[in-house]
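Please look over the sequence and the model first.

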Amino acid sequence: MKSILLIGLGRFGKHCALKLNELHHEVLAIDIDEERVNEVLPYVTNAQIGDSTNEQFIASLGVRNFDVCIVAIGDKFQSSLETTSLLKDYGAKLVVARANRDVHAKFLLRNGADNVVYPEKQMASWAAVRFSADNIFDYIQITRDYSIYETKVPKSWIGKTIVDLRVRQMHKINILAVKYAGKVEPLPGPEHVFRDDETILVMGGNKDLEKFLRV
Ligand code: ATP
C-alpha cells in the first residue's frame, strides 16, 4: 500500500481516486472546490479543500511523507506548474503531473515533475493502434522500439505448440502469456498447444511485431 497525495479532482483526478481506492492505497485528495472534494470523499482516506498554489497550504501537508504526489490539474497550466514546483521544493519524493500539451509536459518536467502523464496523447495513440486492426485487443508501448500486444492466435498456429512453431526463431517475439476466458496463464511452456478461443500477449521489437501481426 502506498500513500498518495492527489491534487485536482476533475474527471481525471476522480478516476485516479476511484482506481487508487480499488487498489487499496491511502489517498489524501485535494481540490480548491468544495463540491469536488465532497464527491470523492467516499473513495479516499482523507480529503481537504485548499489551493495548491498557496505555499503555506502545501507546507501544511507534509508532502515529503507521501510516496507519490499526483498533480491532476489540467487546464489551468499556471496552477499546475506552480503546484508541481512547490511540491518538489517541499521535498516530495515522486511528483507525477498531468499535461494537456507537449509544451506543458516539457515545462512540468523542467520544474519539478519526475514524470508526466499526457492522457489525450497517450490514449489517442492507444486508440489508433487498438482500433485500426481487427486482431489487436490491447497494446502497451514499453519504449520507442518495443511493445507488448494482446492479439488473436494466428489461424495457422491452432493445434500446434510453441516448440513446433519455433516462435522466437521465426518471428523474433516472446509469448508472455496466454489468455482464455478472462484467465491468464503467464509464460506458457514450450508444449503449450494453441487454441482458437485464446489470445496471446506477445512482446518484441515494433518492426517484428508489425510483421507478426500481419501473419
Ligand atoms: P478534468 O479535465 O480533469 O475534468 P477540469 O477540466 O474540470 O478537470 P482543471 O482545470 O483541469 O478542470 O482542474 C482539475 C481540478 O483541479 C478541478 O477540480 C479544479 O477545481 C482543481 N484545481 C484547479 N486549480 C487548483 C488549485 N490551485 N488548487 C487545488 N485544486 C485546483
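The sulfur of Cys 69 is 13 Å from the closest cysteine sulfur, in Cys 16, which is too far for a bond, since a disulfide is defined as a pair of cysteine sulfur atoms within 2.5 Å. The model is predicted: local features need pLDDT of at least 70, side-chain atom pairs count only at pLDDT 80 or more, and totals for chains, interfaces and linings use all residues. Residues are numbered from 1 along each chain as its sequence is written, and side-chain values use heavy atoms, with hydrogens and water left out.

**Cysteines**
- By the disulfide rule, the count is 0.
- Cys 69 is buried, at 1% relative accessibility; buried means under 20% relative accessible area, exposed over 50%, and partly exposed in between, with a 1.4 Å probe and protein chains only.
- Cys 16 also counts as buried, at 17% relative accessibility.

**Ligand**
- The ligand is surrounded by 18 residues, and the closest are Arg 11, Asp 31, Arg 36, Asp 51 and Gly 74; a residue is near the ligand if one of its heavy atoms lies within 4 Å of it.
- An N or O atom in the side chain of Asp 31 is 2.6 Å from an oxygen atom of the ligand.
- A polar backbone atom of Gly 10 lies 3.4 Å from an oxygen atom of the ligand.
- A polar backbone atom of Ser 52 lies 2.9 Å from a nitrogen atom of the ligand.
- On its own the ligand has 620 Å² of accessible area, of which the protein covers 89%; accessible areas come from the Shrake-Rupley method with a 1.4 Å probe, and for residues only the protein chains shown count as cover.

**Positive phi angles**
- Most residues other than glycine have a negative phi.
- Arg 166, which is not a glycine, has a positive phi near 45 degrees.
- Arg 166 sits in the loop between helix H7 (162-165) and helix H8 (167-171); helices (H or I, at least four residues) and strands (E, at least two) are DSSP runs numbered from the N terminus.
- Arg 166 is partly exposed, with a relative accessible area of 45%.
- Leu 187 has a positive phi of about 40 degrees and lies in the loop between strand S10 (183-186) and strand S11 (198-205).
- Leu 187 is exposed, at 65% relative accessible area.

**Surface**
- Ile 140 belongs to strand S7 (residues 136-141) and is partly exposed, with a relative accessible area of 48%.

Terms used
A polar contact is a pair of N or O atoms within 3.5 Å; within protein, one must be able to donate a hydrogen and the other to accept it, and residues adjacent in sequence count only if both atoms are side-chain atoms.
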